[in-house]
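This briefing covers pockets and a surface patch in the structure shown here. Please keep the coordinates open while reading the points that follow.

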Amino acid sequence: MALWRIRVAVEDRPGELARILRVMADHGGNVVGVSIHTDAVGAVDEFVVEVPGSHHRLVADLAEHSRDGDVLAVPAALRDVGDDVTRALLLTARLRAQPHRLPEVLGELLGADDARWAALGTPAVPDFPEEPESVLLVPVGPLRAVRLRRVDRPFTWTESARADALVRSVLPPTGPAPTRGTAVTHRGTRLFVWQVGPEDSDAVQRLHRRSSAGTKHRRYLSPVDELSPRLLNVFCDRERGLTLAARPLGGDDPVALAHLMYTMDPGVGEIAFLVEDLWQGHGIGTCLARVLTAIAADWGLAELRAETVPDNGPMCRIMHRLGATVSPPRDGVVQARMPVAGTVPSRRPGRLMTLLTQAGAPGGPRR
């Protein structure tokens with residue numbers, strides 16, 4: 001029996017995972033570990049499987065059930081069999097005692113073949129383009145990064161989020177990302193932003209009444225005149241996510257809403273926006289999108305998604321600015337997907353950043 005780490009891109013519909021497991025069982029495979037990832041191609045399931053004999057026939061059969069027909073299989077070790085959460089916590093404990101060993105610990109967390117300090121602006125390109133490999137840059141504060149390289153197995157967005165979370169574990173605690181305060185759009189509009197609560201229901205209703213039918217349709221993908229009490233409760237339910245409201249400084253009523261909601265897909269959040277017609281074109285949507293991305297990174301999310309109608313040009317432009325990929329229309333809807341990890345710099349330097357800026361420190365300046 002040989003141990004293999006097998007990665008399969010799975011269709012996001014009921015029963016697909018069961019079909020993958022049935023194929024493995026038909027080949028005598030014993031699944032001893034499974035992890036669900038999100039990546040540019042969508043949902044990716046990674047299994048640690050004990051396989052009798054050759055694994056080639058199993059990989060070929062799995063490819064017939066993969067969304068893109070591609071299956072990655074690399075040898076695994078016995079140390080790969082275990083609880084990922086326990087492993088991450090032990091690595092965090094080690095890193096707190098020896099923060100200068102961050103590259104080594106990140107390499108162990110993600111099974112990288114090489115891990116080293118780099119400047120944050122270092123291009124994430126392969127050392128040898130002719131060889132299949134993957135390179136990941138993990139930001140460590142505003143100037144430094146750790147460059148990870150792994151042959152034959154690309155890094156997923158979920159793994160990037162894990163690395164980002166491990167880095168933040170050794171930085172000083174900063175508390176949750178703020179959901180109340182001022183923000184300035186790239187066009188210079190100053191906003192006051194806060195998290196919506198039940199006390200805001202009347203103001204939110206007034207915002208919807210001032211918004212045109214087209215604006216509301218682009219937000220909800222269906223005709224909406226006024227918000228139902230049920231939908232207002234969803235906006236205020238912190239178990240489902242959060243809703244931010246924004247008003248210009250000196251104003252009274254909100255002119256925009258921004259939503260970040262949990263989904264059933266691990267590590268994936270869904271975002272949506274409503275900007276009053278008179279305030280569109282002032283950069284408010286982009287500004288709120290950046291705020292939501294910072295909050296999503298604080299929550300440890302790996303991916304943000306947004307769905308809208310094809311003619312919602314402003315929403316598509318916002319997502320493009322944030323580095324999202326916008327899919328072709330399907331059933332009258334376009335979906336934008338973007339990774340979260342690494343998009344928001346650490347908010348406060350600490351012991352690790354002090355190490356990085358000391359002369360002679362790993363990755364730091366030299367005298």
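Leu 21 lies in helix 1, and in this predicted model Leu 21 is partly exposed, with a relative accessible area of 35%.

**Nonpolar surface patch**

- Together with Leu 17, Val 31 and Val 34, Leu 21 forms a nonpolar patch on the surface, and the accessible area of these residues together is about 290 Å².
- Two elements, helix 1 and strand 2, each supply at least two residues of this nonpolar patch.

**Largest pocket**

- The largest pocket has a volume of about 1000 Å³, and 37 residues line it, with Asp 84, Arg 87, Glu 108, Leu 109 and Leu 110 the closest to its centre.
- Elements that give two or more residues to this lining are strand 2 (30-39), strand 3 (42-51), strand 4 (71-75), helix 3 (84-97), helix 4 (102-110), strand 7 (144-151) and helix 5 (157-169).
- Helix 3 provides the largest share of the lining of the largest pocket, namely six residues.
- Sorted by class, the lining of the largest pocket comprises 17 nonpolar, 13 charged and seven polar residues.

**Second largest pocket**

- The second largest pocket holds about 860 Å³ of space, and of the 31 residues that line it, Glu 11, Asp 12, Ala 43, Asp 265 and Arg 305 lie nearest its centre.
- Two or more residues of this lining come from each of helix 1 (16-26), strand 2, strand 3, strand 13 (303-308), strand 14 (325-326) and strand 15 (334-339).
- The lining of the second largest pocket divides into 13 nonpolar, eleven charged and seven polar residues.
- Strand 2 and strand 3 each give two or more residues to the lining of the largest pocket and also to that of the second largest pocket.

- Although Asp 39 and Phe 155 are 116 residues apart in sequence, their C-alpha atoms are 8.5 Å apart in space.

Key: Residues numbered from 1 in each chain as written. Predicted model: local features only at pLDDT ≥ 70, side-chain atom pairs only at ≥ 80, totals over all residues. Heavy atoms only, no water. 1 Å grid on protein atoms, 1.4 Å probe; cavity = no way out; pocket = protein on both sides within 12 Å on 5 of 7 lines; lining within 4 Å. Points joined across faces, edges and corners; volume = space filled by probe spheres on them. Helix = DSSP H or I, 4+ residues; strand = E, 2+ residues; numbered from the N terminus. Nonpolar A, V, L, I, M, F, W, Y, C, P; charged D, E, K, R; others polar. Patch = residues over 30% accessible without salt bridge, like charges linked within 9 Å, V, L, I, M, F, W, Y side chains within 5 Å. Areas by Shrake-Rupley, 256 points an atom, 1.4 Å probe, with all protein chains shown as cover. Salt bridge = Lys/Arg side-chain N within 4 Å of Asp/Glu carboxyl O. Buried < 20%, exposed > 50% of the residue type's maximum accessible area, 1.4 Å probe, protein only.
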